[in-house]
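I opened the notebook to look up a few residues and write down what I found.

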Amino acid sequence: MASSWDELTLAFSRTSMFPFFDIAHYLVSVMALKRQPGAAAEARKNPLSSWFTAMLHCFGGGILSCVLLAEPPLRFLANNTNILLASSIWYIIFFCPYDLVSQGYSFLPVQLLAAGMKEVTRTWKIVGGVTHANSYYKNGWIVMIAIGWARGAGGSIITNFEQLAKGSWKPQGDEWLKMSYPAKVTLLGSIIFTFQHTKHLAISRHNLMFLFTMFLVATKSLQWR
């Protein structure tokens, strides 16, 4: 008979990211875009460019992992529901009357809740990337680590190419040259879940997902102090 702990972690690992956790991910990602200098003016001047940049922030991890696995990089466009949801978030953030969404997001409890929920999606993306890579390269742990990392932190990496195309790229902000904390912790998670997947780590996946997610949320909360 399963213990209460196993029941809790198993139920947690089966939690659907759609729609609430996905909304939090899109909200945090697009708000980070809006806070960039000139982003609001660019959205009104060239909405299509702003929308495309927002989609890179929201789906960059999936795009990068597709590129690394030689899959169609625009496959994310096939998920109409998520594209419409992310596009709606982009629209209300940049074009809401009186900037009400940004003002509501400025409250610390709202930011903490959204950031914590986004970290939950990070765990799911890492696990999905590791599992997906294993379907191509059985127990190819280097590939599994790379794809898990790309899926979980690729949004901040792939936007470097967008900045380079716009001429706004700066070396000090390059994730390849100076990894941010989210990129580092995602790489750590990808390594851990790869070892678990290849049976080198004696812990069940649902227990590891719960523990790693709690670690992400706790460390994210400490960064706001």
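Entry on Phe107. I looked up Phe107 and found it in the loop between α6 (100-105) and α7 (108-136); helices are DSSP runs of H or I, at least four residues, numbered from the N terminus. Phe107 is exposed, with a relative accessible area of 53%. For such words I use these cut-offs: buried is under 20% relative accessible area, exposed is over 50%, and partly exposed is in between (1.4 Å probe, protein chains only). I also took the separation of the C-alpha atoms of Phe107 and Arg151, which is 29 Å, for residues 44 apart along the chain.

Note on the source. The model is predicted, so local features need pLDDT of at least 70 and side-chain atom pairs count only at pLDDT 80 or more, while totals for chains, interfaces and linings use all residues. Residues are numbered from 1 along each chain as its sequence is written, and side-chain values use heavy atoms, with hydrogens and water left out.

Entry on salt bridges. How many salt bridges does a search of the whole structure find? I noted 3, where a salt bridge is a side-chain nitrogen of Lys or Arg within 4 Å of a carboxyl oxygen of Asp or Glu.

I noted Asp99 and Lys34, whose side chains meet at 2.5 Å, N to O. This pair links distant parts of the chain, with Asp99 in the loop between α5 and α6 and Lys34 in helix α2 (residues 20-34), 65 residues apart. Asp99 is partly exposed at 30%, and Lys34 is buried at 16%.

I then noted Glu119 and Arg122, whose side chains form a salt bridge of 2.9 Å, N to O. Both lie in helix α7, 3 residues apart, about one turn of the helix. An α-helix has 3.6 residues a turn, so residues three or four places apart point the same way. Glu119 is buried at 4%, and Arg122 is buried at 7%.

Entry on Glu71. I found Glu71 in the loop between α4 (47-68) and α5 (80-95). Is Glu71 buried or exposed? Glu71 is buried, with a relative accessible area of 8%. The side chains of Glu71 and Arg75 meet in a salt bridge of 3.2 Å, N to O, and Arg75 is partly exposed at 42%. A polar contact of 2.8 Å joins the side chains of Glu71 and His132; the term means a pair of N or O atoms within 3.5 Å, where within protein one must be able to donate a hydrogen and the other to accept it, and residues adjacent in sequence count only if both atoms are side-chain atoms.

Technical notes
Helices (H or I, at least four residues) and strands (E, at least two) are DSSP runs, numbered from the N terminus.
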